[in-house]
Amino acid sequence: MAVRSSGARRLLLLLLLAGSAASPAEEGGGRREAGGGEQGEEAAMPHHDSSYGTFASEFYDLRYLSEEGYPFPTAPPVDPFAKIRVDDCGRTKGCFRYGKPGCNAETCDYFLSYRRIGADVEFELSADTDGWVAVGFSSDKKMGGDDVMACVHDDNGRVRIQHFYNVGQWAKEIQRNPARDEEGVFENNRVTCRFKRPVYVPREETIVDLHLSWYYLFAWGPAIQGSITRHDIDSPPVSERVVSIYKYEDIFMPSAAYQTFSSPFCLLLIVALTFYLLMGTP
């Protein structure tokens, strides 16, 4: 009795395996017959296999999934940030360089350029910092009551263009931002940005008309969670005279270290030491 039961189980298992193996073939045969008898109807209805293959291809081409597991479109490509050209300084745009003699937009402690484009002025800023870089437009050489444009590196890696107004030694962010065509990048521990703002604006205390001449205040420093903090040096550089957007100059300002080294007292000391070494001790 046990032998019959075991043999029956094996027979049942073989029948199940044979049925599962024959099932795809039977389905294929059924489809071929249907194709032969109802070719026009089948042509009007696309196969499920084709539509699934198309979906799978698109699904894996996207490479990104939402939290729910559904695909979403990838972001449009972003043009890489065009490097700042310094060979145009003094010719087709005005430039200010602060730092080591001979430095450029990628090596100066601070760099700024400006040029007119139609009814706008395009500014390019770059500084050796991981926080922010800014330019202020002032009626004097002191901080306070100034229109300020800053490029701020936030915690998400983006560089945003913000508008501030200096109230004494404190910068207050202004929601009305005249900047447009903004772009910025943080690379090699430098914040670099480019933006435009109109030459003429309606009378507004916090936004100056750039067709007038202003002293330019140059500043940069660290940021905490995308908010600017005190600038890196106690006395940030300032343009020696008012700047006109209609006059392109290439102005270099040595940083504090090079100013000290090139001072008259330092030069006199070097000459005295050289003379002492050449003559020797008595």
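Analyst: In this predicted model, an open sheet of 6 strands runs in the order β8-β9-β3-β2-β1-β13, with mixed pairing. At its edges stand β8 (180-187) and β13 (250-254), each with a single partner strand, so one side of each is left without a neighbour in the sheet. From one strand to the next the twist averages 10°, where axes are lines fitted to C-alpha atoms, for helices over the stretch in contact, and angles between N-to-C directions run from 0 to 180 degrees. The element names follow DSSP runs numbered from the N terminus, with helices being H or I of at least four residues and strands E of at least two; two strands pair if DSSP finds at least two bridges between them.

Because the model is predicted, local features need pLDDT of at least 70 and side-chain atom pairs count only at pLDDT 80 or more, while totals for chains, interfaces and linings use all residues. Residues are numbered from 1 along each chain as its sequence is written, and side-chain values use heavy atoms, leaving out hydrogens and water.

Within the sheet, strand β2 (residues 110-117) and strand β3 (residues 120-127) pair in the antiparallel sense over 8 bridges, and Tyr110 stands opposite Ala127 in β3.

Leaving aside neighbours within four places in sequence, the residues in contact with Tyr216 include Phe96, Leu112, Tyr114, Phe123, Val135, Phe137, Pro237 and Ile245.

Several of these names return when the rings are considered. Rings of Phe, Tyr and Trp (its six-membered ring) pair if their centres lie within 6.5 Å, and planes under 30 degrees apart count as stacked, over 60 as edge-to-face and the rest as tilted. A search of the whole structure finds 10 aromatic pairs. One of them, Tyr98 with Trp220, is tilted, at 5.7 Å centre to centre and 55° between the planes. Tyr98 lies in strand β1 and Trp220 in strand β10, so this pair ties together parts that are 122 residues apart in sequence; both Tyr98 and Trp220 are buried. Phe123 and Phe137 form a tilted pair as well, at 5.6 Å centre to centre with 55° between the planes, and since Phe123 lies in strand β3 and Phe137 in strand β4, the parts that it ties together are 14 residues apart in sequence. Phe123 is buried, with a relative accessible area of 0%, and Phe137 is buried at 1%. Ring pairs link Phe96, Tyr98, Tyr110, Tyr114, Phe123, Phe137, Phe195, Tyr216, Phe218, Trp220 and Tyr248 into a cluster.

Key. Contact = heavy atoms within 4.5 Å. Buried < 20%, exposed > 50% of the residue type's maximum accessible area, 1.4 Å probe, protein only.
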